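Good morning, and thank you for the time.

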Amino acid sequence: MLEQEKAEFRSLTEMVQRARHRLARGEWDYLVGAADTEASLRRNRAAVESWVFKPRILNDVSTVQVESELLGSPMRIPVILPPIGSVQAFDAGGGTSVARAAQDFGILQILSSACSPDYEAVAQGVPGPRIYQLYLVGDNAWMDDHIERAIAAGYTGFCLTADTQVYSRRERDVLKGYVPMSGRTATAAGDFSHQASMTWDTIAHVKAKHDIPLVVKGVMHGDDAKRCVDAGVDVIYVSNHGGRQLDHTLACIDALPEVSAAVAGRVPVVVDGGFMRGADVVKGLCLGADFVGMGRFEGLAMAAGGYAGLMQGLKILEQEIRINMALLGAPDLESLNPSLMQRAQPLAESGVLSAFPLLEDY
Ligand SMILES: Cc1cc2nc3c(=O)[nH]c(=O)nc-3n(C[C@H](O)[C@H](O)[C@H](O)COP(=O)(O)O)c2cc1C
């Protein structure tokens, strides 16, 4: 009943307002913050806002098809829930609540190894297809053991995050001495030596040894995308970690066309970074992605109301995607292409919450 009440927001603006209201300053800053000057974060948003639609008219949009499939799992909308470390800081249900919402709504979740409950407990609570993202805090034998256990627990994909070979300086956290919940234990004490020594050999090792689709997250360069596909990587994930790792990167939506051209349709391409609204998702798809990841959206929805908040957020997001596609004259995912887009001057200063200009007014 309480969950029901919490989820009664009518718009994504209200969802963000509730999240802000429920979170303490430390958790809020951990969620919305980024590395160093937060330029990568602002640039992600600025670039998403710099693309505008050139709609087509007189296409029959009485039905709009948005369903597809990823790694054998049906996807109700072309959106994936990215790995969020310490997601239990936003709602006590943590990874299990995200898993349940992903499953009940009908999309895939990538569960982070830096959150709780852990991957085996989540799989036990909510059996079903899911991808496991593992930060390496041990050698190849340690990794192999976890991959085998993930496969035994029913995971249908394995993800390595390649943009986090060292941990960045997140100034909001540094200034407050804030340590993210899961950072208080595991990868915790800051043992990044195994992440730091991850190489193309790690990819070759996983592909040679394990029968599970491999996602490489953090691809920002066409040459790396091509090398991943040549190495047998099954999903290319364009990301700058939401601006939380290397500062001053290219915006992810701007890295997308080069990556998409290098991949040339051989495997699915996911993009994340600054996507907050249905229209943003449609922009990512037009520019070459098959799926869009929405990290802070996931965290904000969880903070707004846990499982019920995420369900409600996804339902509103679906409406926005469908309405935007219909108004763009695109009856299905195949109709989305770069000819429907053009660059234009952003309307206002971009920031992590600039997708919600009415936040202060209501
Ligand atoms: C609070 C938070 C925790 C995150 N933890 C992880 C993580 O454990 N593993 C990972 O690969 N990415 C992690 N990310 C990055 C997200 O998976 C995703 O790439 C990013 O949020 C996308 O940008 P967006 O927030 O603008 O959508 C985290 C992001 C946030 C906001």
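Let me begin with a term: a residue is called buried when its relative accessible area is under 20%, exposed when that area is over 50%, and partly exposed in between. Please keep in mind that this is a predicted model.

I start with the aromatic residues. A pair of aromatic rings is described by the distance of the centres and the angle of the planes. Searching the whole structure gives six aromatic pairs. In one of them, the ring centres of Y132 and Y155 are 5.6 Å apart, and their planes meet at 55°, so this pair is classed as tilted. Y132 belongs to strand 6, residues 131-133, while Y155 is found in the loop between helix 7 (140-152) and strand 7 (157-161). The two residues are 23 residues apart, and the pair thus links distant parts of the chain. Are these two tyrosines buried or exposed? Y155 has a relative accessible area of 5%, under the 20% limit, and is therefore buried. Y132, at 4%, counts as buried as well.

A further pair is formed by Y167 and F192. Their ring centres lie 5.9 Å apart with the planes at 45°, so this pair, too, is tilted. Y167 sits in the loop between strand 7 and helix 8 (171-176), and F192 in the loop between helix 8 and helix 9 (193-196), so the pair ties together parts 25 residues apart in sequence. F192 is buried, with a relative accessible area of 14%, whereas Y167 is partly exposed at 41%.

Ring pairs also join Y30, F90 and Y178 into a cluster. Over the face of Y30 lies R244, at 4.9 Å from the ring centre. Elsewhere, K283 places its charged end over the ring of F53, 5.9 Å from the centre of that ring.

I now turn to the ligand. Which residues come nearest to the ligand? There are 22 residues around it, and P83, S112, T161, D272 and G274 come nearest. A ligand nitrogen lies 3.3 Å from an N or O atom in the side chain of H241. On its own, the ligand has 610 Å² of accessible area, and the protein covers 98% of that.

T202 is located in helix 10, residues 200-209, and is buried, with a relative accessible area of 7%. Leaving aside residues up to four places away in sequence, T202 touches L136, N140, M143 and L160.

Finally, the backbone. Most residues other than glycine have a negative phi, and most peptide bonds are trans. Against that background, the bond from S116 to P117 is cis, with omega near -5°. P117 lies in the loop between strand 5 (110-112) and helix 6 (119-125). S86, which is not a glycine, has a positive phi of about 55°. S86 is placed in the loop between strand 4 (79-80) and helix 5 (94-105), and is buried at 2% relative accessibility. A264 also has a positive phi, near 50°. This residue lies in the loop between helix 12 (252-263) and strand 10 (269-272), and A264 is exposed, with a relative accessible area of 55%.

Methods. Residues are numbered from 1 along each chain as its sequence is written. This is a predicted model: local features need pLDDT of at least 70, side-chain atom pairs count only at pLDDT 80 or more; totals for chains, interfaces and linings use all residues. Side-chain values use heavy atoms; hydrogens and water are left out. Rings of Phe, Tyr and Trp (its six-membered ring) pair if their centres lie within 6.5 Å; planes under 30 degrees apart count as stacked, over 60 as edge-to-face and the rest as tilted. Helices (H or I, at least four residues) and strands (E, at least two) are DSSP runs, numbered from the N terminus. Buried means under 20% relative accessible area, exposed over 50%, partly exposed in between (1.4 Å probe, protein chains only). A charge sits over a ring if NZ of Lys or CZ of Arg is within 6 Å of the ring centre and within 35 degrees of the ring normal. A residue is near a molecule or strand if one of its heavy atoms lies within 4 Å of it. A polar contact is a pair of N or O atoms within 3.5 Å; within protein, one must be able to donate a hydrogen and the other to accept it, and residues adjacent in sequence count only if both atoms are side-chain atoms. Accessible areas come from the Shrake-Rupley method with a 1.4 Å probe; for residues, only the protein chains shown count as cover. Contact means heavy atoms within 4.5 Å.
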